[in-house]
Amino acid sequence: MWDTKNVLTGSADNSCRLWDCETGKQLALLHTNSAVRTCGFDFSGNIIMFSTDKQMGYQCYLNFFDLRDPQQIDDNQPYLSIPCSDYKITSAVWGPLGEFVIAGHENGEINQFSAKSGEILKKAKEHTKQINDIQTSVDLTMFISASKDNTAKLFDSTSLDHIKTFKTERPVNSAAISPIMDHVVMGGGQEAMEVTTTSTRIGKFEARFFHAAYEEEFGRVKGHFGPINCVAFHPDGKSYSSGGEDGYVRIHYFDPQYFDFELEA
């Protein structure tokens, strides 16, 4: 949530929960029929969305609750529930102004779902495999999608126009946009179940930095000895963190020369 008072979590224990950050107290509990895959607050902090997995005979749903109406929480009744029968949602974020949710699916499709009517406003099919992660730019005008098809792509949030592509040789599990530079960071590697079949040479699982405009890779940071599952920039843009299958969260602070770096066009 923008004022960081509350945090929303979704779990494979078939629940979505709202917590108070300061005290750790549980404020709301929403039960689901299958695992919760994604969740998020809209910009106002009043509306939450979460998606559930297609499993155990239940289909994938995208659910919306208004936290200002305690009845919805008590009755466990979302004001809007959108079935996604074809391909389940694997990643989702709120678009600008809380009007729609941008959802990535297991087939590589990206859809905009209206938070009012539930209809699909726009579609994009630029990826060929599952979307693993979607993260927005700081002003919400753009988002970056990380996919199993070995690429990350930059899109316009409102029009879903495809802007840039960043290519690697391995599945991309997560990608983030710098709040202050024209840079994106990406993390990935093989899938966890395939890691044991290869050597564990340190540095195989690097975080990779690309220039957002030129689509050129300009840096790699070694460290993890398992695939990187998530990456994030600090809100001030002076550091980034990565979480890996190896059980470590690594926080890296950029050197002074990083901020003066200009890619030769």
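**A cavity, a pocket and an enclosed strand**

The lining of the largest cavity consists of Thr168, Arg170, Pro171, Val172, Met186, Gly187, Gly188, Gly189, Lys204, Phe205, Glu206 and Arg208. Strands β17 (183–188) and β18 (205–211) are the elements that each give two or more residues to this lining. The model is predicted, so to speak of local features takes pLDDT of at least 70 and side-chain atom pairs count only at pLDDT 80 or more, while totals for chains, interfaces and linings use all residues. Residues are numbered from 1 along each chain as its sequence is written, and side-chain values use heavy atoms, with hydrogens and water left out.

**Spaces**
- The largest cavity holds about 110 Å³ of space.
- The count is 1 cavity of 30 Å³ or more.
- A cavity is a set of points on a 1 Å grid where a 1.4 Å probe fits but cannot get out; a pocket is an open set with protein on both sides within 12 Å along at least five of seven lines; lining residues have an atom within 4 Å of a point.
- The largest pocket holds about 1200 Å³ of space.
- Its lining has 35 residues, and the closest to its centre are Val93, Gln135, Thr136, Ser137 and Leu140.
- Two or more lining residues of this pocket come from each of β4 (36–41), β8, β12 (131–136), β16 (172–177) and β20 (228–233).

- Thr168 sits in the loop between β15 (162–167) and β16.
- With a relative accessible area of 15%, Thr168 is buried (under 20%; exposed is over 50%, partly exposed in between, with a 1.4 Å probe and protein chains only).
- A polar atom of the Thr168 side chain lies 2.8 Å from the backbone oxygen of Arg170.
- Leaving aside neighbours within four places in sequence, Thr168 is in contact (heavy atoms within 4.5 Å) with Asn150, Met186, Arg208 and Phe210.

**Strand β9, enclosed**
- All 6 of the 6 residues of β9 (residues 100–105) are buried, so the strand is largely enclosed by the rest of the structure.
- Strands are DSSP runs of E with at least two residues; helices are runs of H or I with at least four.
- In a regular strand, side chains alternate between the two faces of the sheet.
- One side of β9 has Phe100, Ile102 and Gly104; the other has Val101, Ala103 and His105.
- Strand β8 (residues 89–94) pairs with β9 in the antiparallel sense over 5 bridges (pairing needs at least two DSSP bridges).
- Val93 has Ile102 in β9 as its bridge partner.
- The β8 and β9 hairpin has 5 residues between the strands, and Leu97 there takes a positive phi near 65°.
- Strand β10 (residues 110–114) runs antiparallel to β9, joined by 5 bridges.
- Asn111 in β10 stands opposite Ala103.
- The β9 and β10 hairpin has 4 residues between its strands, and Gly108 in the turn has a positive phi of about 95°.

**Ser242**
- Ser242 lies in strand β21 (residues 239–244).
- Its relative accessibility is 2%, so Ser242 counts as buried.
- The side chains of Ser242 and His224 are joined by a polar contact of 2.8 Å.
- Not counting residues up to four places away in sequence, Ser242 touches His224, Ile228, Cys230, Val231, Tyr248, Val249 and Arg250.

- Residues 124–165 are 0% helix and 55% strand, with end C-alpha atoms 14 Å apart.
- Residues 221–251 are 0% helix and 61% strand, with end C-alpha atoms 11 Å apart.

Conventions. Polar contact = N/O pair within 3.5 Å; in protein donor to acceptor, adjacent residues only side chain to side chain. Points joined across faces, edges and corners; volume = space filled by probe spheres on them.
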